[in-house]
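Subject: Structure for you to look at

Hello,

Please find the structure below. My notes on it come after.

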Amino acid sequence: MAGSRSFISKLREGDEIARLVTFLFAASVVLITVLLVYELWINSALPRHKFGLHFFVTEVWDPVMDQFGALPFIYGTVVTSAVALCLAVPLGIGAAIFLAELAPPRVSDTLEFFIDLLAAVPSVIYGVLGVFIVVPLMRQVIYPALNKPFGFLPIFKGPSYGVGFLTAGIVLAIMLIPYIISVSREVLLSVPRDQREAALALGATRWESTWKVVVPFAKTGIMGSVFLALARALGETMAVTMVIGNTPQIAASLFAPGYSIAAVIANEFTEATGELYTQSLIALGLVLFLLTFVLNGLARLLIIVTTQKGSKVRA
Amino acid sequence: MNARLGWRKFVSNLMLTLTGVCAFVSVSILFFILGYLLFNGGASINWAFFTQLPKPVGEVGGGMANAIVGSAKLLLAASLFGVPFGFMGGIYLAEFSGPKTASVVRYAADLLNGVPSIVIGIFAFSLVVLPFKQFSTLAGSFALGLMMIPITLRSTEEFLNAVPSVLREGAMALGASKWKTIATVIVPAAYRGILTAILLALARVAGETAPLLFTALGNRFWSPGWGQPTASLPVVIYNYAQSPYEDWHRQAWAAGLVLLGFILIVNILARTILSRGIAAPRS
């Protein structure tokens with residue numbers, strides 16, 4: 001019996017040492033995380049004191065005059081992420097429905113394997129594809145197709161340079177699809193079988209049972225997958241940097257070039273001269289961190305709630 | 001059979017076909033990317049690509065030997081840093097800790113996992129680059145290693161917990177101490193799962209570019225030792241793809257193909273190890 005052994009004999013057998021050593025490793029993971037938040041916080045003190053909350057509503061980003069405002073970058077990040085979600089969510093959920101509801105298990109597993117591989121493709125590769133395929137496509141096909149009939153709308157107005165909010169949004173959407181599919185498929189598969197059978201028994205068609213019973217049941221979890229994807233989109237750096245145009249401006253047109261938080265950090269961090277400049281970039285990093293922190297927490301909560309709901313009904 | 005039912009069946013079939021199209025389009029992206037890189041970069045992969053340094057602008061040819069070696073060094077050091085922390089931390093969570101401590105560590109790991117990679121880069125910059133006043137392989141490895149910790153930790157914990165308690169009790173009943181049980185029974189039973197997780201973590205950080213931009217920086221030449229800026233495949237792809245030179249574009253595609261090939265092979269390898277291992281601990 002373990003309990004009756006004395007502390008000394010446990011120590012001699014190495015139990016306490018093993019516990020201590022593994023504890024130190026586990027504790028340092030916590031420490032590193034705390035240190036990360038702390039470093040971001042103290043290294044962004046200058047702009048916090050100088051600009052205060054104006055940092056978030058100022059449109060000027062002028063390193064020469066020491067004027068730094070985050071608004072154009074926040075705007076770019078939000079707009080590109082919104083465009084990406086509008087494109088990726090329907091496609092991703094559609095595909096997840098196919099994988100979870102229609103495809104035979106073997107086909108579903110094979111396709112899921114490819115989707116997992118797709119999720120492993122590094123973002124710089126998506127960036128390369130964006131530069132060499134989406135940008136020319138934007139100039140020659142998408143821009144004329146949208147600008148001619150819908151040019152009167154502010155979001156489709158103005159000239160296109162190929163790079164811009166819409167281009168970045170499209171590339172981001174392609175990156176998000178595998179995440180949305182994987183998580184949504186898991187959530188849909190956790191919906192109890194009786195729900196489907198009950199709907200079918202009441203005379204619903206297969207689509208009606210899927211769309212009016214299974215999907216609403218899994219709604220919170222699917223929302224979770226969308227938040228998870230959104231958190232990825234906000235923090236995505238390389239692919240966006242390569243196709244957004246890197247111009248700090250706020251433009252209504254989706255064809256206009258813009259900038260995002262992650263992109264400005266990637267481009268200007270090594271070249272930043274002066275404390276205030278560097279610290280303003282770190283402040284942007286802190287904003288990004290907080291955004292993804294909140295979204296990830298929310299996403300996890302929603303996914304847990306749904307999968308538990310499934311197991312509760314089943315039990 | 002009335003018209004209404006016919007319409008409902010029509011809608012059902014239409015929408016279900018559409019979901020199939022969605023799935024087909026999504027999966028085909030993978031093959032499109034592979035095909036595109038093979039078509040454009042395949043021709044540029046030759047012996048020189050793996051053995052030579054980049055040539056100056058204007059001269060055709062040259063290779064990416066320094067970036068390939070740089071990436072390998074970065075990944076090696078990152079694993080040496082990230083894997084022990086994740087592995088040992090995972091053992092603590094699964095075997096020693098109480099529920100309260102465990103939830104704190106788990107929460108920290110999940111938080112770290114969600115941090116955007118560019119922010120990890122900032123952290124590594126202020127922690128490793130600033131004090132030494134030098135961009136280096138070590139700084140890049142630190143950033144990548146940080147990203148490996150949460151993945152390794154959470155999956156080590158998960159796979160250790162999945163080991164049947166019969167094994168644990170059997171070892172204890174034979175008089176083995178707890179750490180001996182862990183080292184000789186539990187970890188060996190779960191090693192396939194843990195190995196898979198480590199490989200997946202490695203594949204994930206292998207393609208990371210953002211944390212390397214201001215830690216490992218880049219280098220047109222060899223980077224001796226661990227304290228110098230070094231070239232790496234992802235950063236070279238990023239720089240070359242944005243350059244105006246045709247030849248560099250071709251090299252970027254070739255490098256992309258090599259990088260993607262490596263990542264996909266590691267992924268497939270990891271999943272094969274796992275699927276073969278599932279039967280082992282339970283039998």
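This is a predicted model: local features need pLDDT of at least 70, side-chain atom pairs count only at pLDDT 80 or more; totals for chains, interfaces and linings use all residues.

Contact between the chains. Chain A puts 64 residues into the contact and chain B puts in 69 residues. On the side of chain A that touches chain B, helix 2 (residues 15-42) gives the most, with 15 residues. By type, that side of chain A holds 43 nonpolar, 15 polar and six charged residues.

Core. The largest nonpolar core has 194 residues, and the members that touch the most others are Leu176(A), Ile180(A), Val243(A) and Ile237(B). This core lies between domain 1 (7-42) and domain 2 (57-314) of chain A, because both give residues to it. Beyond its neighbours within four places in sequence, Ile180(A) has contacts that include Ala88(A), Val89(A), Ser225(A) and Ala229(A).

Where is helix 5 of chain B kinked? The kink is centred on Phe125(B) and is about 40 degrees. Phe125(B) is one of the buried residues of this helix, and among the others are Ser117(B), Gly121(B) and Val129(B). Just after the helix comes Lys133(B), with a positive phi of about 50 degrees.

Regards

Terms used:
Residues are numbered from 1 along each chain as its sequence is written. Chains are lettered from A and ligands numbered from 1 in the order in which they are written. Two residues are in contact if their C-beta atoms, placed from the backbone, lie within 7 Å. Helices (H or I, at least four residues) and strands (E, at least two) are DSSP runs, numbered from the N terminus. Ala, Val, Leu, Ile, Met, Phe, Trp, Tyr, Cys and Pro count as nonpolar, Asp, Glu, Lys and Arg as charged, and the others, Gly among them, as polar. A nonpolar core is a set of buried Ala, Val, Leu, Ile, Met, Phe, Trp, Tyr and Cys residues joined through C-beta atoms within 7 Å. A residue is buried if 20 or more other C-beta atoms lie within 10 Å of its own, exposed if 12 or fewer, and partly exposed in between; C-beta atoms are placed from the backbone. Domain bounds come from an automatic or database domain assignment. The bend at a residue is the angle between axes fitted to the seven residues ending there and the seven starting there.
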